[in-house]
Amino acid sequence: MDDHNYKLNTFLYNKIKDIRNIKILEFGVREGASTKLFVDLAEKNNGDVVSVDIDDYSNLIKSSRWKFIHSRDDNFKEIQKQISSNLDVILLDSFHEALHVSKIIYNYYDYLKKG
């Protein structure tokens, strides 16, 4: 298991695996490891996953529980029109530059459920 999958399974999956009607927003798809994990979880727990990436991964997964947005993660107006306001998880794995990360966090933080 590579480091990315290890972190997903060890630090995130075990904390969210039992959330019913889970809502996940993911920035950065790349090879789809987290996307596939999240969609499997959404299918089991009646949830929804929205993934955003500048590269077109729209054909990566066929699931009614998954929506792909082909966009930059800082295209706030477009993305905010298409996401839930009660998210359980936001995974930021796109552009790893400090100013960009803080901009994304500040713009999407209020979409997380309280608690």
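**A first look at the fold and its ring pairs**

Of the 115 residues of the protein, 37% come out as buried, where buried means a relative accessible area under 20%, exposed means over 50%, and partly exposed falls in between (1.4 Å probe, protein chains only). The structure is a predicted model, in which local features need pLDDT of at least 70 and side-chain atom pairs count only at pLDDT 80 or more, while totals for chains, interfaces and linings use all residues. Residues are numbered from 1 along each chain as its sequence is written, and side-chain values use heavy atoms, with hydrogens and water left out.

Four helices and four strands make up the list of elements, with helices (H or I, at least four residues) and strands (E, at least two) taken as DSSP runs and numbered from the N terminus. Read from the N terminus, the order is α-β-α-β-β-α-β-α. The radius of gyration of the protein is 13 Å, close to the 13 Å that the globule rule gives for 115 residues, so the protein is as compact as a globular protein of that length. That radius is taken over C-alpha atoms, and the rule is 2.2 Å times the number of residues to the power 0.38. Along the principal axes, the C-alpha atoms fill a box of roughly 30 × 30 × 25 Å.

Contacts here mean heavy atoms within 4.5 Å. Among contacts with a separation of 6 or more, 61% are between residues 24 or more positions apart. Leu 37, in helix α2, gives a local example: leaving aside neighbours within four places in sequence, Leu 37 touches Leu 8, Asn 9 and Tyr 13. Asp 93 is 56 residues away from Leu 37 along the chain, and their C-alpha atoms are separated by 14 Å.

Next come the aromatic rings. A search of the whole structure turns up five aromatic pairs; rings of Phe, Tyr and Trp (its six-membered ring) pair if their centres lie within 6.5 Å, with planes under 30 degrees apart called stacked, over 60 edge-to-face and the rest tilted. The rings of Tyr 57 and Phe 68 have centres 6.5 Å apart and planes at 85°, so this pair is edge-to-face. Tyr 57 sits in the loop between β2 (48-53) and β3 (66-70) and Phe 68 in strand β3, so the pair ties together parts that are 11 residues apart in sequence. Phe 68 is buried, at a relative accessible area of 16%.

Phe 76 and Tyr 108 make a tilted pair, 5.5 Å centre to centre with 55° between the planes. This one links distant parts of the chain, since Phe 76 belongs to helix α3 (residues 76-80) and Tyr 108 to helix α4 (residues 98-108), 32 residues apart. Both Phe 76 and Tyr 108 are buried. They also join a cluster in which ring pairs link Phe 27, Phe 76, Tyr 108 and Tyr 111.

Most residues other than glycine have a negative phi. Asn 21, however, has a positive phi of about 55° although it is not a glycine. Asn 21 lies in the loop between α1 (3-16) and β1 (23-27) and is partly exposed, with a relative accessible area of 37%. Asn 46 has a positive phi near 60° and is not a glycine either. Asn 46 is found in the loop between α2 (33-45) and β2, and is partly exposed at 36% relative accessible area.
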